[in-house]
Amino acid sequence: MHIGNYLISVLVSLAAGIAGFLLLYKIFDWLTPELNFPSELKNNNTSVAIFLAGLFVGLGLVIGNAVK
């Protein structure tokens with residue numbers, strides 16, 4: 001595969017992955033209106049931080065396999 005085609009493929013996959021990640025985060029944020037993630041993180045709520053870390057890892061794995 002030519003290096004230009006490879007770079008374009010990587011950039012398109014990266015853009016699709018980031019867009020999907022942001023979309024899924026916004027959907028999850030919309031589904032939990034009573035939980036304000038930024039304010040909970042500012043209050044050092046460790047459980048919310050661990051939950052978001054797990055959510056990000058899970059979404060990253062799903063989107064990474066989907067983009068492949």
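Modeller: Gladly, and a definition comes first: helices (H or I, at least four residues) and strands (E, at least two) are DSSP runs, numbered from the N terminus. This is a predicted model, in which local features need pLDDT of at least 70 and side-chain atom pairs count only at pLDDT 80 or more, while totals for chains, interfaces and linings use all residues. Residues are numbered from 1 along each chain as its sequence is written, and side-chain values use heavy atoms, with hydrogens and water left out.

Biologist: Where does N36 lie?

Modeller: Helix α1 covers residues 3-31 and α2 covers 37-42. N36 lies in the loop between α1 and α2.

Biologist: Is N36 buried, partly exposed or exposed?

Modeller: Buried means under 20% relative accessible area, exposed over 50%, and partly exposed in between (1.4 Å probe, protein chains only). N36 has 43% relative accessibility, so N36 counts as partly exposed.

Biologist: How far apart in space are N36 and V48?

Modeller: Along the sequence, N36 and V48 are 12 residues apart. From C-alpha to C-alpha, their separation is 9.8 Å.

Biologist: What is the phi of N44, and where is N44 found?

Modeller: Most residues other than glycine have a negative phi, and most peptide bonds are trans. N44 is found in the loop between α2 and α3, and at 65% relative accessibility N44 counts as exposed. N44 is not a glycine, yet its phi is positive, at about 60°.

Biologist: How many aromatic pairs does the count come to?

Modeller: Rings of Phe, Tyr and Trp (its six-membered ring) pair if their centres lie within 6.5 Å; planes under 30 degrees apart count as stacked, over 60 as edge-to-face and the rest as tilted. By this rule the count comes to 5 aromatic pairs.

Biologist: Are the rings of Y25 and F56 stacked, edge-to-face or tilted?

Modeller: The ring centres of Y25 and F56 are 5.8 Å apart and the planes stand at 55°, so this pair is tilted. The pair links distant parts of the chain, with Y25 in helix α1 and F56 in helix α3 (residues 46-67), 31 residues apart. Y25 is buried, with a relative accessible area of 18%, whereas F56 is partly exposed at 34%. To return to the geometry you asked about, the rings are tilted.

Biologist: And are the rings of F28 and F51 stacked, edge-to-face or tilted?

Modeller: Here the centres are 5.4 Å apart and the planes are at 35°, so the rings of F28 and F51 are tilted. F28 lies in helix α1 and F51 in helix α3, so the pair ties together parts that are 23 residues apart in sequence. Both residues are partly exposed, F28 with a relative accessible area of 22% and F51 with 39%. The label for this pair is therefore tilted.

Biologist: Which residues form one aromatic cluster?

Modeller: The residues of both pairs belong to the cluster: Y25, F28, F51 and F56 are among its members.

Biologist: Which residues does F21 touch, not counting residues up to four places away in sequence?

Modeller: F21 is found in helix α1, and at 23% relative accessibility F21 counts as partly exposed. F21 and L59 are 38 residues apart in sequence, but 6.5 Å apart in space, C-alpha to C-alpha. With contact meaning heavy atoms within 4.5 Å, F21 touches F56, L59, G60 and I63.

Biologist: Which residues make up the largest nonpolar core?

Modeller: A nonpolar core is a set of buried Ala, Val, Leu, Ile, Met, Phe, Trp, Tyr and Cys residues joined through side-chain atoms within 4.5 Å. The largest one has 6 residues in all, and α3 gives the largest share of this core, 4 residues. One of the members, L59, is in contact with F21, L24 and Y25, leaving aside neighbours within four places in sequence. The core residues are Y25, F37, V48, L52, L55 and L59.
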